[in-house]
Amino acid sequence: MSKSIAAVSRIAFLASDVLVDSQPAYPATSQFSRHFRSLAETAGRRPLTFEVPVSGDPASTILRNGSTTSLVSFTASATSHTAVRLVLQATDLSSLPLVLHIAVTDDLSDVILLRSAVPFFLVSYTAQQAHDNALLAFRLARVEKKAVVHVFYEHNDDVSDVTTEGDIWRLLHSEKLAPGASFSPENGTNGHVEQAGVTNGNVHLTNGINGSHSPGSTESPTDAGIPNGVANGFGDIANAPPPVAASLYELYDAALLSTVSCTRRTCRPLSFRGADDPHTVAFVLGSLPHGLELDGVAFVSISLLTPLQPSKVLHVIPPSTSRVILLEQLRRSNTKWTSLFLDIVNILQERQTSQRILVQNIWFTDTEQINATSLFKLLNATSNLRSTSPLQLGSDAPSGPLVTVPHVPKHEVSYTKILSYIFGDHLEVSNSPSFVPTQGPIATSPEFALGRSENTPALDVLKETKLAVDSGYWPLYRWDPVKEARGQEPFTLDSDSVKNDLQQFLDRQNHLSQLVRSKPQLATELVSSLGESVKEARRKKAAEAYGDLLVALDAPPLVILYASDGGTAEKYAKKLMNRAKARGLSASIGTMDSMSVETLANEEYVAFVTSTAGQGEPPQNGRTLFKAFNAAAGRGDRPFSKLRYAVFGLGDSHYWPRPEDAHFYNRPGKDLDSRLEQLGGERFAPLGLGDDQDADGPETGYKVWEPLIWKALGVDSIQVLEAEPDPITNEHIKVASGYLRGTIAEGLQDTSTGALAPSDTQLTKFHGIYQQDDRDIRDERQAQGAEPAYSFMIRVRMPGGVCTPKQWLQMDRISDEHGNGTFKITTRSTFQFHGVIKRHLKPTIQGINKVLLDTLAACGDVNRNVICSAIPSKSKLHTRVYEFSKLVSNHLLPRTTAYHEIWLDNKLVAGEAVKDFEPLYGEFYLPRKFKVAVAVPPTNDVDIFANDLGFIAIVDKNGELAGFNVAVGGGMGVTHGNKKTYPRLADVIGFCTVEQGPLVAEKVMLTQRDFGNRVDRKNARLKYTIDRMGLDVFKAEVESRLGYKLSPARPFTFDRNVDDFGWTTGEDGKHHVTLFIENGRVQDEPGQDFKKGLCEIAKIHKGNFRLTANQHLVISDIETGDVPQIKRLLAEYKLDNLNFTGLRLSSSACVAFPTCGLAMAESERYLPLLIDKVEKICEEYGLRNDSIVMRMTGCPNGCARPYLAEVAFVGKAPGSYLMLLGGGYYGQRLNKIYRESVSEPEILAILRPMIKRYALERLEGEHFGDFVIRAGYIAPTMEGKNWYDRMGGEGKFREVAAQ
Ligand SMILES: Cc1cc2nc3c(=O)[nH]c(=O)nc-3n(C[C@H](O)[C@H](O)[C@H](O)COP(=O)(O)O)c2cc1C
Ligand code: SF4
């Protein structure tokens, strides 16, 4: 394995935030990735790593995962195919902080194509040089935010001096050294430049670095008596470099200076060796045999190919030179003369000297064939030859193993002939047999055409496929013969992009036919929407004109642009706008991406408000403009000569707590501020920064920044008398909605968008409907200018999680006809459909209604689906508890008729004569969601303490239900970085009878309605109300509303919160079987047709289905006689498989990507893969059957109740999670944050020794969550309010960042 690849891989791994590695043809694996894997086990950092299969598109992977703020490495061995794919996207790539490391063996023809595509191109010939140039490339890319190509030869010479991880970090983050800066080498001889006689002491770097050779070095012409000044004689730098190249060269120079200060080794753009006063100077781009010498010939090895500085080139051509040759290691080129040769000719032509020099281009391939004799012979034979094409040195026959092109069947040949006849030059067969010689036998497989190898992770294949379909690259048509039989259209087209193209085509055709008609005939839909938009435009115009009239005439107009993912930056931008208007300014607002560089260039005063997403990245709705700024800066443009700007950034200085991640803090704001200046803008107020960690969060920084804006605009003395208009909040939306109507009905009619109005999307939640979009393809759609792929999630209200087989079958049908063909059993024991598009909403709700279910109040600020324990073995008790759940659910149900009116087409009674009335909720409904659960000890499968209100069933001595202990104030949701938010366990406050239960529920809910925080939704759940009021005061309030005191709580015991899988028989003799449905996803997969199997069961089952709060399924109430038939079906569809580890059976994950709009990381799609790895560790240590409760969510909202798990992962950014430890096994204790950001290798590295110790040292019956506390890993959480205390691990397990 080559040492240069090892050296480059190491630096790439330690320096980059994102690694994209190009794989060779399957089954080979890339040499880089082998290094990356072993580094992942030892290095202290973990870049995000992507493997792009042969024929995949590396450029789009880089663009998708790179950003202006993360340093990206691309690693590959040279192939023409890779280079072409990179070149195609070169414009976008060149303004990213990106290093493309490409390994070559004996030919540069594949990579030379990239020369014109990127600002910097470095070449290394030895392993040590590859190491040093890799550092230099990263420094350049990081500081200048530009792409650098680093091509290096695979060499096995030793790397004598390896830069440490710390030094690499320092090099990347050190301040830019001014050219001319000096440093004191620790060891004088290591200074990269050795002036004659100076081996110690300070060395002035600029000369040496800039110069192509070092005065005084043994290899330099100085030794040969060429004085320093001679350069001026023949260099005559009248031909100053073009400004762009010059400025790029300065950037290179500055980076070189920093790199040399770090490595203390020479690093030259051009290295000179050979004859002292040569007649021939040979520039070499390629690997010549070591020690090749020829009388009168000097060799100049090129390691900075772009930018090529004319003065440096001329500097190495002494006056004795009559001939310049360019030796290039090329097998082929798609131009007659290479760009480098033309550049050199150009440089020489512009010299101001009469001396004529013969310039020749020589290509060579195999280094082995080159020696002094062959070179001498060629030079001799061509000493006067002015050739019309490049000369060849050595054999130019292609080398490499012979690969047979596979036999192409006749029908395929005919088919491709037809295609080439139709498409001509446009035809590209992605898996053509002609690729076999270069790409291997896999080249003809379909995976190859889609850019995949067989071992590509399924999640990647899925995402790539979706992208391909959505973008139209793969115009997937679905053919469903069943539909044809029903008289419906059997073909459907999946790609929106193709649909849009077709639409545009039809529109154009339509338009043309309109033009030739005497009277226009427009579709009514079109006419009415046209009318609306004209009216809307007029209304807007009038409002604007009126606004213009009112504002102070001399106040400058202010444009406010924001970028925000979660709404905070948007809130501040709107606040700024309201306050600007209150001061008489004419202010307008928009997202950053709604503005182009060109439009911005005409604005005068612009305030930017941007938050920080991902790892120091701009939020979604600002990314395009950020990219455009970078591209403009990359081109050296300065478009903002008129623009005055101010930036306010929002971030969280603790979001990535490790010291090495400190640069992620508020990075977009900081970058934007300096970038605008670079683009010619003038700052009218200093950069303001808001930090979530400040006492008042971002407000602290904002309060300081805002007055500076007023001062700069000259309106600081204006007294603002009128109260600012309140920002529109959920409370406003609710009260103005006419009991949850809003304009939902109108929005459903609007066919111009797949979305509903933003305020309506808040209201549909109360109807059980969430607007979402496919996040896998969000960026691509934005890039295409298409709206996001909107669809809706629909959640059913089904108290107690019980449904009949008929209802099950209907749910199954709905998921096929209206959803994405699957459905989810949720942690609130109900059905959830995803992917329902707007025009399918009504039929879906109607379909649900048809089987007497509904979706009302399944989401929103109301009481949600009431859940209850699914323990059918205690049949009698369970039946009573289930009836109780239904009772509570019905008692707390909203009474609005809007639901029936909008979805079921029931008209308002007597033309609105009877108004809606919400006896419990009122017009404002609740401040936040409210969750009720009923548990039957000893099983806590509903996680009773995670609910706002819990009823714990208490039985009397006869086993009859006596009543319930009442628990209040549980809740999971948290906001990362906001310590005012925390999870909390419910407190037991007393006991009530079954009859009292519904009223107790009502009074608890109403107390929350009246005392809950309606100003801050992040602080609005009952858990905060109770902590604010005090538990006693809250309880007294509930009791005063009830008119009696609750009885004292009665004893109870829980022993688990996981489900009991397999068969049980109830007291009534009926049988029940609990099935394991991983993360509740009901779908058909190859070899596991679970969805179909459950349908078959539903067709014959006479009992019920019970959905558990752990997302599994009980087929309940099976008569003894029916057991064999059910067992047969379970076996046929492999639904009876319970042969899983205890870990997997106890795991659960929320939905997260691709549908949940709040997801920050994968969850449902990823947890099973993580468990594959963790369960191997468990099995290794004999814990296969031990239940360890492991949960994962894609964001801190906590839908899968992660804060109660023994070990949990909560998404922070793609691939990065909070890790929590120490939850109680039966949901009785919260866990605590152990690490603030972990990726998979870290998770495995942490868990392995922990699981091993647990296996060896646990006490009898001790659960993992208790063990990690006893073993000193983490402190126990005694109360939600103290959740953050002692986070980060205990003693020697404490994370440094948490100290
Ligand atoms: C997924 C995610 C990633 C974040 N990454 C960073 C970060 O790298 N640096 C930082 O300073 N703040 C980071 N933050 C903090 C946010 O920038 C901060 O909370 C901001 O107020 C959110 O504003 P928004 O609601 O407008 O998106 C991150 C927040 C989230 C949710
Ligand atoms: S926990 Fe977050 S990511 Fe997961 S489903 Fe809930 S809101 Fe979405």
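Author: Two strands count as paired if DSSP finds at least two bridges between them. The model is predicted, and the part to look at is strand S40, residues 1113–1118.

Start with cover. Buried means under 20% relative accessible area. By that cut-off, six of the six residues of S40 are buried, so the strand is mostly covered.

Now the partners. Strand S35 spans residues 1071–1075. S35 pairs with S40 in the antiparallel sense, over four bridges. Within this pairing, Leu1113 of S40 stands opposite Leu1075.

Strand S39 covers residues 1104–1107. S39 and S40 also run antiparallel, and four bridges join them. Here Val1114 in S40 is the bridge partner of Arg1106.

Next, the turn. S39 and S40 form a hairpin, with five residues between the two strands. Gln1111 sits in that turn. Its phi is positive, about 75 degrees.

S40 pairs with S35 and with S39. Leu1113 faces Leu1075, and Val1114 bridges to Arg1106. Six of six residues in S40 are buried.

Technical notes:
Residues are numbered from 1 along each chain as its sequence is written. Chains are lettered from A and ligands numbered from 1 in the order in which they are written. This is a predicted model: local features need pLDDT of at least 70, side-chain atom pairs count only at pLDDT 80 or more; totals for chains, interfaces and linings use all residues. Side-chain values use heavy atoms; hydrogens and water are left out. Buried means under 20% relative accessible area, exposed over 50%, partly exposed in between (1.4 Å probe, protein chains only).
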